[in-house]
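Open the model in your viewer and keep the selection panel at hand. The tour goes from stop to stop.

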Amino acid sequence: MKVVRTFHPVGQGAFYSERFYEEDNPQAKYNIVYDCGTSWGAITKAKKVVNLAFDKNDTIDYLFISHLDFDHVSLANTLIESVDGKVRNIVLPLVYKEEVRIGINLNYIANHQETETFLRWILNRVDGNNNGIDTRITFIGSNDDKGNVTAGGEKITLQIEEGEPEWVLIPRNISAMSRRKELLEKFDRMLSDPDFKEESIRSGLPVVGSSDELLHLLLDERYVAGIIRNKKLRKAIKSAYEKVAGGVNVNSLLLYSGPAREGLNYMMCLMYSNMFKRMRFRRVGCLYTGDSDCDIYEWKSRLYSDVWQNIGTVQLPHHGSLKSFEVKKNDIDRVYYFPVSCGSTNSYGHPSGKILAYLMKKNGLPHIVTEMANTVCIQEIVRW
């Protein structure tokens, strides 16, 4: 068996893939993708990266979406079209129809057509309108209505070769409440602005008193149409929404991809920055983290305690944002590879220099993947 894991150069976003090969078979038996999106300014260039990652002969067996924010799903339509719609499974964190509809309208207001189209596609599937496309939508739920961390999520076994299964995919649904809180706080500040109130009255729209009330109104097509017609109101909502590192949904999806158990011997070869390095590295499992808060203690002690000894690669979440990283939760006790996706000219200052310095101090190996082709990170995993 051979696995080729790629952290694709799409800039301030996320697009990661794994291909699973049988011996001497040039066509991958399984293809999985975690997130597929980038920021607004990088869309055109990133579309080419996605279009060339797969072709019409390929099938995506699993597309995992961490959350429904623009820079994580804006290229999903491009991916689906690149394989002629052959995506067998899409796995998302639990999200209710109302949240999807609000997300559709917010992206409509912000003129994020790619994300709006993908969310409408998801909503149609949830409503049973598959339009002839045989794709199964799976939501990984939470046992806690408050969105707290749970151990929910089933193991997905990939049978690469005959015998006992060696590789599993384990999605976990965790809380993203802090990002939703940030969004609501920005909306509250926007709504308290006298100019926003005055413009709403002038346009014949209701004066909104709170962010919760605004989210409710965003389900009303007439209110959304009124916002679209008024440039000032549209700009205010778009600005608030785009400044938040997260969407309206309260959950986020982590994914473990790696050996089903300990004791399996692998060798991982790394290619990055135009260099190819071959080494024996037994911890070949990867943890994909999306935009979640970085919490190695929680992941190690609770969410992925049964497979943690297999994890050697951890996608540094939220593009290396300092807001998502607390040292006390991230006592790094061994070498990890930390790929981090960010735009080379992003306005957020990602990734944080403080985080990178801390990782280096603790023997972590960060690798920055931008929109530049030579920053691609590829891992080849083979049995030995």
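Buried means under 20% relative accessible area, exposed means over 50%, and partly exposed lies in between (1.4 Å probe, protein chains only). This is a predicted model, where local features need pLDDT of at least 70, side-chain atom pairs count only at pLDDT 80 or more, and totals for chains, interfaces and linings use all residues. Residues are numbered from 1 along each chain as its sequence is written, and side-chain values use heavy atoms, with hydrogens and water left out.

**Stop 1**

Select Asn111. Its phi is positive, about 65°, although it is not a glycine. Asn111 sits in the loop between α4 (97-109) and α5 (113-126); helices (H or I, at least four residues) and strands (E, at least two) are DSSP runs, numbered from the N terminus. At 40% relative accessibility, Asn111 is partly exposed.

Next, His318. Its phi is also positive, near 55°, in a residue other than glycine. The loop between β13 (311-314) and β14 holds His318. Is His318 buried or exposed? At 6% relative accessibility, His318 counts as buried.

Now pick His350 and Pro351. A cis peptide bond joins them, with omega about -5°. Pro351 is in the loop between β14 (337-341) and α12 (353-361). For context, most residues other than glycine have a negative phi, and most peptide bonds are trans.

**Stop 2: strand β5**

Select residues 89-93. Five of the five residues of β5 are buried, so the strand is largely enclosed by the rest of the structure. In a regular strand the side chains alternate between the two faces of the sheet. Here, Asn89, Val91 and Pro93 cover one side, Ile90 and Leu92 the other, and all are buried.

Which strands flank β5? Two strands pair if DSSP finds at least two bridges between them. Val91 is the bridge partner of Phe64. Phe139 is the bridge partner of Leu92.

**Stop 3: exposed and partly exposed sites**

Select Glu23, in the loop between β2 (14-21) and β3 (30-37). Glu23 is exposed, at 59% relative accessible area.

Go to Gly209, in the loop between α7 (194-202) and α8 (211-217). Gly209 is exposed too, at 64%. Its C-alpha is 8.1 Å from that of Asp188, 21 residues apart along the chain.

Finish at Lys47 in helix α1 (residues 43-53). Lys47 is partly exposed, at 29%.
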